[in-house]
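Please read the points below with the coordinates open.

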Amino acid sequence: MPRGLLSTTACLALAASLGACGTSRFDGPRPRPQAALEPATPALPAGRVTSEPLAPPPGASAAPVDGPPSVAAAPSPVIEPEPLPPAPAPAPVIATGRSSVVGSWNATDASGSCKVSLSSAPALDLYKASTAGCANKDLAKVSAWDFRDGEVYLYQPGGTVTARLRQAGGSLDGALSKSGAQLALAR
């Protein structure tokens, strides 16, 4: 491109830019002229304000009415609030949940008693469990456990549910799944 054409093009671009700066479109919003506000109602006359009793309504007697009783006539008695009764002693908190059942238990069913240990060590999606000295063959096979919906589930290998138990105070009470016989675990 020749040098003269380049400078002409540059001058035209500069002129167009300067022309755009002169427009009012870039000035921003303009304030609108405010119309003078006229009063909606005529001004009220200024003067002294006086107080007089109202005339009785039509048909009523014109007997004078006594004013309100004097406040300084008699001191009002001071009323002391009654003391609040002492707060009741809080009920003992019984722990519920998975962590509250972890540990060793003495299991008792129709066939006798034995030891059941519920561990906090994970075993896939369950937790490890073990038994010792259980005469009930199903209870002797327990190898895992879980806590769901407020219940303890004892499992055999393969996922068979051996028993379901609910917390009752400091123990677990429920039944064996296969026979329906009662099962209780106590510390």
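1. A residue is called buried under 20% relative accessible area, exposed over 50%, and partly exposed in between, using a 1.4 Å probe and protein chains only. R166 is partly exposed, its relative accessible area being 44%.

2. The model is predicted, so that local features need pLDDT of at least 70 and side-chain atom pairs count only at pLDDT 80 or more, while totals for chains, interfaces and linings use all residues. Numbering runs from 1 along each chain as its sequence is written, and side-chain values use heavy atoms, with hydrogens and water left out.

3. A salt bridge here is a side-chain nitrogen of Lys or Arg within 4 Å of a carboxyl oxygen of Asp or Glu. The count by this rule is three salt bridges. As background, side chains of opposite charge can pair when their charged atoms come close.

4. Two of the entries involve E151. This residue is buried, at 10% relative accessible area. The side chain of E151 meets that of R164 in a salt bridge, at 2.8 Å from N to O. E151 belongs to strand β5 (residues 151-155) and R164 to strand β6 (residues 161-168), so the pair ties together parts 13 residues apart in sequence. Strands are DSSP runs of E with at least two residues, numbered from the N terminus. R164 counts as partly exposed, with 42% relative accessibility.

5. R166 also forms a salt bridge with E151, and the closest N and O atoms are 3.5 Å apart. This pair again links distant parts of the chain, with R166 in strand β6 and E151 in strand β5, 15 residues apart. Through shared partners, salt bridges join E151, R164 and R166 into one network.

6. D146 and R148 pair through their side chains in a salt bridge, with an N to O distance of 3.7 Å. D146 is buried at 11% relative accessible area, whereas R148 is partly exposed at 34%.

7. A cavity is a set of points on a 1 Å grid over the protein atoms alone where a 1.4 Å probe fits but cannot get out, and lining residues have an atom within 4 Å of a point. Points are joined across faces, edges and corners, and the volume is the space filled by probe spheres set on them. One cavity of 30 Å³ or more is counted; the largest cavity has a volume of about 30 Å³.

8. Which residues line the largest cavity? They are D109, S111, G112, S113, C114, C134, A135, N136 and L139. Strand β2 (residues 112-123) gives the most to this lining, with three residues. By class, the lining has four nonpolar residues, four polar and one charged.

Terms used: 1 Å grid on protein atoms, 1.4 Å probe; cavity = no way out; pocket = protein on both sides within 12 Å on 5 of 7 lines; lining within 4 Å. Helix = DSSP H or I, 4+ residues; strand = E, 2+ residues; numbered from the N terminus. Nonpolar A, V, L, I, M, F, W, Y, C, P; charged D, E, K, R; others polar.
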